[in-house]
Amino acid sequence: MSFHTMNRRTFLRNAGIAGAASLLTSRFGWAAAERKIDRVGVQLYTVRDLMKDDFEGTIAKVAAIGYKEVEFAGYFGRTPQQVRAVLEKNGLTAPATHVQYDELDDKFPSVIDASKTIGLSYIICPWIPEDLRKSPDIWKQASEKFNRCGEQAVKAGMQFGYHNHWFEFLPVNGKLPYDELLTLCESKLVKMEMDLCWITAAGADPLAYFKKYPGRFPLVHVKDIKKIFKVTEGGSQNFGDSADLTSVGDGIIDWKRIFAKSKEAGIKHYIVEHDKPTQPIESITASYNYLAKLRY
């Protein structure tokens with residue numbers, strides 16, 4: 001064997017090893033970069049009509065689909081102890097609950113007590129009623145109230161937050177209410193549960209907020225829509241009456257684009273919601289199946 005032939009073989013062998021190593025690194029790098037949602041959650045408001053008739057049975061159906069987390073919007077007459085027992089029986093956790101704006105004053109200490117018993121981490125105000133939003137300084141008033149609630153929640157080892165609709169992204173006196181909330185609310189006291197459908201319907205970009213306010217969005221509502229509609233300050237759009245809502249993955253929202261920035265946003269809980277599904281169980285099943293397979 002000539003020196004030239006041996007060098008050539010050595011070169012080819014080394015090149016082959018280097019190529020394989022490069023390919024392996026590329027594959028592992030691709031795998032490392034691919035992420036998925038480990039624990040998909042659902043807002044039980046989506047199945048509220050079923051829960052009125054069968055609270056425990058509906059939660060059992062939610063767990064059977066594959067959901068690991070639920071977010072409450074009322075307990076239908078059950079005590080906090082009973083609610084916790086149902087969760088434990090079905091292997092579920094509840095990171096959050098929705099509490100109405102009028103429960104954030106004198107009633108709030110009892111809200112905290114009940115939430116701790118259930119095992120919640122977040123207490124979320126889902127919206128500000130339309131009649132109150134007519135007040136010229138409502139967003140300043142709301143921010144002050146939210147900061148007070150946030151302080152109480154933090155002392156109890158919990159976190160307070162606010163869930164948006166579309167109207168927070170419509171200018172009021174030249175300012176966006178959502179921007180006002182993010183500016184006036186203390187970041188350590190008040191977090192945001194961003195409804196990714198409503199912000200999209202209002203023509204705003206979630207990624208712009210993730211970049212400007214990193215880490216402020218530990219929860220998101222994952223809800224899809226078939227087409228953008230004209231939004232107004234009030235009305236029934238809140239309930240999906242004039243919005244063409246659909247199961248997640250069946251609409252126009254680019255979930256990969258949004259979730260690619262989940263670390264920057266600080267997202268910890270991905271919560272499916274549909275405001276007014278005609279077939280609630282079928283809807284949340286389709287949404288779960290899409291999100292369980294989604295890679296981003």
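A salt bridge here is a side-chain nitrogen of Lys or Arg within 4 Å of a carboxyl oxygen of Asp or Glu. This is a predicted model, so local features need pLDDT of at least 70 and side-chain atom pairs count only at pLDDT 80 or more, while totals for chains, interfaces and linings use all residues. Residues are numbered from 1 along each chain as its sequence is written, and side-chain values use heavy atoms, with hydrogens and water left out.

**View 1. K223 and E273 meet in a salt bridge.**
The N-to-O distance here is 3.2 Å. K223 sits in the loop between β7 and β8 (224-225), and E273 sits in the loop between β10 and α12, so this pair ties together parts that are 50 residues apart in sequence. (Helices are DSSP runs of H or I with at least four residues, strands are runs of E with at least two, and both are numbered from the N terminus.) Is K223 buried or exposed? K223 is buried, at a relative accessible area of 0%, and E273 is buried too, at 6%.

**View 2. D105 pairs up with K145.**
The structure holds eleven salt bridges, and in this one the closest N and O atoms are 2.8 Å apart. D105 belongs to the loop between β3 (93-98) and α5 (108-118), while K145 is in helix α6 (residues 138-155), so the pair ties together parts 40 residues apart in sequence. D105 counts as partly exposed, with 38% relative accessibility, whereas K145 is buried at 10%.

**View 3. D205 and R257 join side chains in a salt bridge.**
Here the distance from N to O is 2.8 Å. Which parts of the chain does the pair link? D205 comes from the loop between α8 (196-201) and α9 (206-212), and R257 from helix α10 (residues 255-259), 52 residues apart. D205 is partly exposed at 30% relative accessibility, and R257 is partly exposed at 40%.

**View 4. Eight strands close into a barrel.**
Helix α12 (residues 280-293) lies across β1, β7 (219-222) and β10 (269-272), running at about 155° to β1. (Axes are lines fitted to C-alpha atoms, for helices over the stretch in contact, and angles run from 0 to 180 degrees between N-to-C directions.)

**View 5. Helices α3 and α4 pack against each other.**
Helix α3 (residues 55-65) meets helix α4 (residues 80-89) at an angle of about 35°, and their axes are 10 Å apart. What meets what? F55, E56 and I59 in α3 meet V83, V86 and K89 in α4. (Contact means heavy atoms within 4.5 Å.)

**View 6. C125 is in no disulfide.**
A search of the whole structure turns up zero disulfides. The nearest cysteine sulfur to C125, that of C149, is 8.2 Å away. (A disulfide is a pair of cysteine sulfur atoms within 2.5 Å.) C125 is buried, with a relative accessible area of 0%.

Key. Pairing = 2+ DSSP bridges. Buried < 20%, exposed > 50% of the residue type's maximum accessible area, 1.4 Å probe, protein only.
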